[in-house]
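Here is a short walk through one protein model, taken from its charged pairs to its surface. Please keep the sequence and the 3D view open while reading.

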Amino acid sequence: MALTTAAQSRSSFDLKSASLPVVAVLLKTTDAAQFVADLAERVADAPGFFDNDPVLIDLAPVREAEAPIDFAAIAAALRQHNTLPVAVRGGSPAQMDAARAAGLAAAPDAPPARAEAPTPVQEVVREVIREVEVEVVREVPMPGPGTVVVDKPLRSGQQVYARGADLVVMAVVSFGAEVIADGNIHVYAPLRGRAIAGARGNTEARIFSTCLEPQLVSIAGIYRTTETELPAEVRGKPAQVRLEGEKLLIEPLA
């Protein structure tokens with residue numbers, strides 16, 4: 001009987017690896033009180049930005065700091081704003097020990113970016129040798145990012161994440177839906193939900209839509225919500241969103 005019960009217990013679940021999108025919080029100060037105040041101010045601009053998103057706290061910017069970090073206070077503030085802090089990475093041994101003591105898991109450091117397989121293209125270079133013009137053809141590697149294509153409407157509550165790729169959506173992104181990409185986002189339909197491009201910090205990423213009326217747009221962590229009304233020349237029209245420094249620029253598409 002004991003063997004039968006144990007067998008049933010082992011068959012009641014399976015263990016599999018899983019890959020889930022998380023929000024990375026790059027901690028730039030060891031002052032927990034300052035972090036709590038800045039977080040409250042930023043979330044006040046977009047009260048619905050977080051939706052119980054799991055959070056990874058990246059300690060790389062403060063790794064060399066000697067001051068201790070109050071991880072309990074930081075985690076409590078994140079939970080207060082509808083996030084689920086689960087792990088830390090990039091800290092010193094002492095910081096990682098303190099984070100574990102506060103109930104946070106230790107995540108591996110981010111791996112270096114992996115180069116995509118190069119796609120050779122032709123480049124014509126003109127060189128002058130003894131007053132004779134010669135055309136030399138060289139092969140120049142040009143990396144091409146992957147692309148995820150979605151051809152069905154996204155309803156409220158649905159989310160699509162193009163990890164390490166661009167995202168192309170051929171149908172409406174409804175209010176309450178969310179599209180995320182590590183690269184660019186193209187929506188060839190009304191964009192009414194949340195669009196987050198450059199999710200892993202790619203400041204060159206852009207957002208394109210044939211009908212821009214979003215709930216929120218974000219590039220590399222810099223975001224803008226509908227609480228700030230879009231100008232008439234881009235609202236509901238073909239437009240692009242790009243980053244210049246730390247400022248989002250929203251421009252009409254010709």
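Does Arg-89 count as buried or exposed? In this predicted model, Arg-89 counts as buried, because its relative accessibility is 18% and the cut-off for burial is under 20%. The side chain of Arg-89 meets that of Asp-58 in a salt bridge, with 3.3 Å from N to O. Asp-58 sits in strand E2 (residues 53–58) and Arg-89 in strand E3 (residues 83–89), so the pair ties together parts that are 31 residues apart in sequence. Asp-58 is buried as well, with a relative accessible area of 12%.

The count of salt bridges comes to eight. Another of them links Arg-192 with Glu-213, whose closest N and O atoms are 2.7 Å apart. Arg-192 lies in the loop between strands E11 (185–191) and E12 (194–197), and Glu-213 in the loop between strands E13 (207–212) and E14 (216–219), so this pair ties together parts that are 21 residues apart in sequence. Arg-192 is partly exposed at 36% relative accessible area, and Glu-213 is partly exposed at 30%.

Arg-242 pairs with Glu-244 in a salt bridge, the closest N and O atoms being 3.7 Å apart. Shared partners join Arg-242, Glu-244 and Glu-251 into one network of salt bridges. Within it, Glu-244 is partly exposed, with a relative accessible area of 49%.

The surface also has a nonpolar patch, formed by Val-149, Met-170 and Tyr-188, with about 310 Å² of accessible area together. Met-170 is placed in the loop between strand E9 (165–169) and strand E10 (178–181). At 44% relative accessibility, Met-170 counts as partly exposed.

Note on methods. Residues are numbered from 1 along each chain as its sequence is written. This is a predicted model: local features need pLDDT of at least 70, side-chain atom pairs count only at pLDDT 80 or more; totals for chains, interfaces and linings use all residues. Side-chain values use heavy atoms; hydrogens and water are left out. Patches are made of residues with over 30% relative accessible area and no salt bridge: like charges are joined within 9 Å, nonpolar side chains (Val, Leu, Ile, Met, Phe, Trp, Tyr) within 5 Å. Accessible areas come from the Shrake-Rupley method with a 1.4 Å probe; for residues, only the protein chains shown count as cover. A salt bridge is a side-chain nitrogen of Lys or Arg within 4 Å of a carboxyl oxygen of Asp or Glu. Helices (H or I, at least four residues) and strands (E, at least two) are DSSP runs, numbered from the N terminus. Buried means under 20% relative accessible area, exposed over 50%, partly exposed in between (1.4 Å probe, protein chains only).
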